[in-house]
Amino acid sequence: MKTVRVNTNTPYDILIERGLIEKTGELVKGVSNASKVCVITDSNVGAFYGETVVNSLKAAGFDTAMFTFEAGEKNKRLDTISAMYSFMADFNMSRKDLVVALGGGVTGDMAGFAAATYMRGINFAQIPTSLLAQVDSSVGGKTGVDIEQGKNLVGAFLQPVLVIIDPNTLETLPDAFLSDGMGEVIKYGCIKDAKLFETLEQNNAYTIIEDIIFKCVSIKRDVVERDEKESGERMLLNFGHTLGHSLEKIYNFDGLSHGQAVSIGMVMIAAAGERAGLTEQGASERIKTLCEKYGLPTSDKASAEEIARVCQSDKKASGGYVNLVLLKKIGESFIKKTELGKLEEFIRKA
Ligand SMILES: NC(=O)c1ccc[n+]([C@@H]2O[C@H](COP(=O)([O-])OP(=O)(O)OC[C@H]3O[C@@H](n4cnc5c(N)ncnc54)[C@H](O)[C@@H]3O)[C@@H](O)[C@H]2O)c1
Ligand SMILES: [Zn+2]
């Protein structure tokens, strides 16, 4: 078993091993004195793994119930949370009881938010089952929901007491979501780890996914620990995300997934860096080839002007500047504070 210790205010372990969900009960027992456990899952993940997790918790002596919501980002909203509160209250959960999030990022964000706010906060453990949730949302403590005015606009910070990553769960994850997660995996290689990038180039990542997840989680842990307040280094995690986010907006968060948008954003910003003489020549081509290898798109019909315009309106509040994450070369990244007015020129192809 691989373990990543995260030293936040309340330190916790991220455990990674094939087949680990079958040991959920005993693992939770080691970190919680709850008597009741509420497993929160979505309709897809619950059907595959709900029973295994619930049975394991019951076998370890926990009084366990499962709340299932309909899968999908569109349900990441406050009325789903409200239904969770009612379920937890009807189940007579108290302050010392525990929420277990079983699912992708949507489940983790919502179960975490429900836990952070039910009775002013109870503990929660995470069993992320999508690649994205395993390599991204398992570190950082962000929870929340979308509201009409924007994604993730309401939320709270809550560190889990334990994260259980079972790479076997990826066997049932639809290919499109696997690719999506690979966007983030490739990002970690780009910003911090040339060796990881090469490993992804030279192997089929899915055959060594346990090592890859361990590497990515460790990178995010290191970055977050060095920068808990999210001022400096943590911004590097946004590589490909500034332009990517603008693209997602252009598509109204529909039709282009997050990982796809990040993939396009990474290639665009690396190419811009090369043109400006800031990024080693050839980096964008390598990123493009790697993203394509894992089924991600690397260009879009949206113009630089359009992308810059959306980014400008997005970043209006930040004083006319945007912090672009650029690569010096694969594995080494830095922040370049850029005037919003100069963004279009910077990303426009000559
Ligand atoms: N808190 C954070 O730090 C953080 C970081 C990144 C993303 N997020 C959030 O995560 C969400 C995206 O995450 P996601 O892509 O995991 O979305 P998701 O939870 O909707 O999962 C994607 C789809 O895959 C299904 N699924 C998940 N695991 C499966 C499995 N093992 N087998 C079969 N089907 C499975 C889900 O039911 C869903 O249909 C967004 O809402 C985003 O805001 C949060
Ligand atoms: Zn992302």
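Which helices each supply at least two residues of the shell around ligand 1? The points below take up this question first and then turn to the protein as a whole.

1. The structure is a predicted model, and in it the helices that each supply at least two residues of the shell around ligand 1 are helix 2 (43–59), helix 4 (105–117), helix 5 (131–137) and helix 6 (175–192). Of the 27 residues around ligand 1, those that come nearest are Asn44, Gly104, Gly105, Val106 and Ser130.

2. The make-up of this shell is worth noting as well: twelve of the residues around ligand 1 are polar, eight are nonpolar and seven are charged.

3. Turning to the protein as a whole, one finds 13 helices and eleven strands. Its radius of gyration is 20 Å, which is close to the 20 Å that the globule rule gives for 350 residues, so the protein is as compact as a globular protein of that length. Taken along the principal axes, the box that the C-alpha atoms fill is roughly 65 × 40 × 35 Å.

4. Two further values describe how the chain is packed.

5. The protein is divided into domain 1, which covers residues 2–172, and domain 2, which covers residues 175–347, and the C-alpha centres of the two domains lie 27 Å apart. To the contact between them, domain 1 contributes 20 residues and domain 2 contributes 20 residues.

6. On the side of domain 1 that touches domain 2, strand 1 (2–6), strand 2 (12–16) and helix 5 each supply at least two residues, and helix 5 gives the most, with five residues. The residues of this side divide into eleven nonpolar, five polar and four charged. A last point concerns Gly30, which is found in the loop between helix 1 (24–29) and strand 3 (36–42). Gly30 is exposed, because 10 other C-beta atoms lie within 10 Å, and a residue counts as exposed at 12 or fewer. Although Gly30 and Leu162 are 132 residues apart in sequence, their C-alpha atoms are 9.5 Å apart in space.

Note on methods: Residues numbered from 1 in each chain as written. Chains lettered and ligands numbered in written order. Predicted model: local features only at pLDDT ≥ 70, side-chain atom pairs only at ≥ 80, totals over all residues. Near = placed C-beta within 6 Å. Helix = DSSP H or I, 4+ residues; strand = E, 2+ residues; numbered from the N terminus. Nonpolar A, V, L, I, M, F, W, Y, C, P; charged D, E, K, R; others polar. Rg over C-alpha atoms; globule rule 2.2 N^0.38 Å. Domains from an automatic or database assignment. Contact = placed C-beta atoms within 7 Å. Buried ≥ 20, exposed ≤ 12 C-beta atoms within 10 Å, placed from the backbone.
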